[in-house]
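Please keep the sequence and the model in view while reading the points below.

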Amino acid sequence: MRIDDILTISGKRVLVTGADGFIGSHLTEELVRQGANVRALTIYNSLGTKGWLDHAARDIREAIDYRPGDIRDPFFVNTITKDIDVVFHLAALIAIPYSYVAPQAYLETNVGGTANVVEAARSNSVERCIVTSTSEVYGTARAVPITEDHPLQAQSPYSASKIGADMIALSYHKSFDTPVSVVRPFNTYGPRQSARAVLPTIITQIAAGITSIKLGDTRPTRDFNYVKDTVSGFIALAKSAKSIGHVTNLASNYEISVGEAVKLIAHKMGVEITIEIDAARLRPEASEVERLWGDNGLALTRAGWRPIYGGLDGFERGLEETIAWFRDPANLALYNPGRYEV
Ligand SMILES: NC(=O)c1ccc[n+]([C@@H]2O[C@H](COP(=O)([O-])OP(=O)(O)OC[C@H]3O[C@@H](n4cnc5c(N)ncnc54)[C@H](O)[C@@H]3O)[C@@H](O)[C@H]2O)c1
């Protein structure tokens, strides 16, 4: 196996798992734009839909090699990884509230699925395998900004499953020299995100004319990455051999509370709102991650990555783009406007 210092994306055969999802669809589009030959693992469904990739531009849709299936199936994952150069593994169960209800499913998909992906990467000698972690694995910050050596605290079954996945992935680098990079994005937002996530919850309710906004706890702080930054970070880290065998944060390095983010969104959407605390959205006290604020220094050192949408100014620009997308009636219609998701 040869590992270039700087890998070129153009012309590479790239597998994206979770390509039908929020971040995965944006990443897939960008990889196609950069000249990669993309194979998209989309979850199998009997309707034959391909999630958000159905909404990509026609030339992008037509350039993709679709492989509907399931990451829990090791034979399938191994088969579609043959002849692949670079793997971006994003497929996962991600909703924290559902992880309280069905923790076993989170273990099967997030830990078992990741084990299948890194095993396929090893046995097919890929050049890079990018595994997606999450800032949730840090739990409530003990020190800020959060660096990659911050303790891991599993405050939800989701977080525990992602910690397990990260450890399996890193063990493949240590044990077999598989070129695994673990990428740890902080909260990502932007067009196409599920209305279960906090910013789209606020935006879709306001866009649907609701002024009494239902939310969970508004006190926790988050470090929000705009999806274009998350995607450029994934690609930068894949290109750089310096990220192999390591965990690297992708953070905007700007901290804001959920309550302050709500006020900012309402201001940008030109409405006065009241916040209604919804018990159904509250996490158990010990499970709520109170504070996330990430350090992104290693992403710069290892891959030359900096967020374009960093700081308050960048967050405002990212929100404006996101709000404009959700306000488009064709997009809002996909969200069943007026329906409130827990
Ligand atoms: N959105 C965020 O704020 C955020 C932050 C940090 C990390 N992440 C991570 O980024 C990745 C993508 O998250 P997202 O926000 O785009 O979520 P998403 O739910 O939109 O995408 C996840 C995709 O995984 C697919 N999937 C689920 N189970 C599968 C299975 N068994 N087989 C095949 N595909 C399966 C789903 O169909 C979905 O398209 C996840 O690994 C998540 O943990 C997300």
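The numbered points that follow take up confidence, the annotated domain, the ligand site, the aromatic pairs and the backbone.

1. The structure is a predicted model. The chain has a mean pLDDT of 95, and 97% of its residues reach 70 or more. For the complex, the predictor gives an ipTM of 0.99 and a pTM of 0.97.

2. An unreviewed UniProt entry places the feature "domain: NAD(P)-binding" at residues 15–310. In the model, this span is 39% helix and 18% strand, and its end C-alpha atoms lie 29 Å apart.

3. Residues around the ligand. Which residues come nearest to the ligand? Of the 26 residues around it, these are Asp20, Asp70, Tyr158, Lys162 and Thr188.

4. Contacts and cover. On its own the ligand has 820 Å² of accessible area, of which the protein covers 88%. The elements that give two or more residues to the shell are α1 (22–33), β2 (37–43) and α6 (157–176).

5. Aromatic pairs. With ring centres required to lie within 6.5 Å, the count comes to 15 aromatic pairs. One of them joins tyrosine 189 and phenylalanine 224: the ring centres are 6.1 Å apart and the planes stand at 90°, so the pair is edge-to-face. Tyrosine 189 belongs to strand β7 (residues 188–189), while phenylalanine 224 sits in the loop between β9 (221–223) and β10 (225–226); the pair therefore ties together parts that are 35 residues apart in sequence.

6. Backbone points to inspect. Most residues other than glycine have a negative phi, and most peptide bonds are trans. Two places deserve attention against that background. The peptide bond joining valine 144 and proline 145 is cis, with omega about -10°; proline 145 lies in the loop between β5 (128–132) and α6. Aspartate 83, although not a glycine, has a positive phi of about 65°, and this aspartate is found in the loop between α3 (74–81) and β4 (86–89).

Note on methods:
Residues are numbered from 1 along each chain as its sequence is written. This is a predicted model: local features need pLDDT of at least 70, side-chain atom pairs count only at pLDDT 80 or more; totals for chains, interfaces and linings use all residues. Side-chain values use heavy atoms; hydrogens and water are left out. A residue is near a molecule or strand if one of its heavy atoms lies within 4 Å of it. Accessible areas come from the Shrake-Rupley method with a 1.4 Å probe; for residues, only the protein chains shown count as cover. Helices (H or I, at least four residues) and strands (E, at least two) are DSSP runs, numbered from the N terminus. UniProt positions are given in the numbering used here, feature names are shortened, and annotations may be inferred rather than shown by experiment. pLDDT is the predictor's confidence in each residue, from 0 to 100. Rings of Phe, Tyr and Trp (its six-membered ring) pair if their centres lie within 6.5 Å; planes under 30 degrees apart count as stacked, over 60 as edge-to-face and the rest as tilted.
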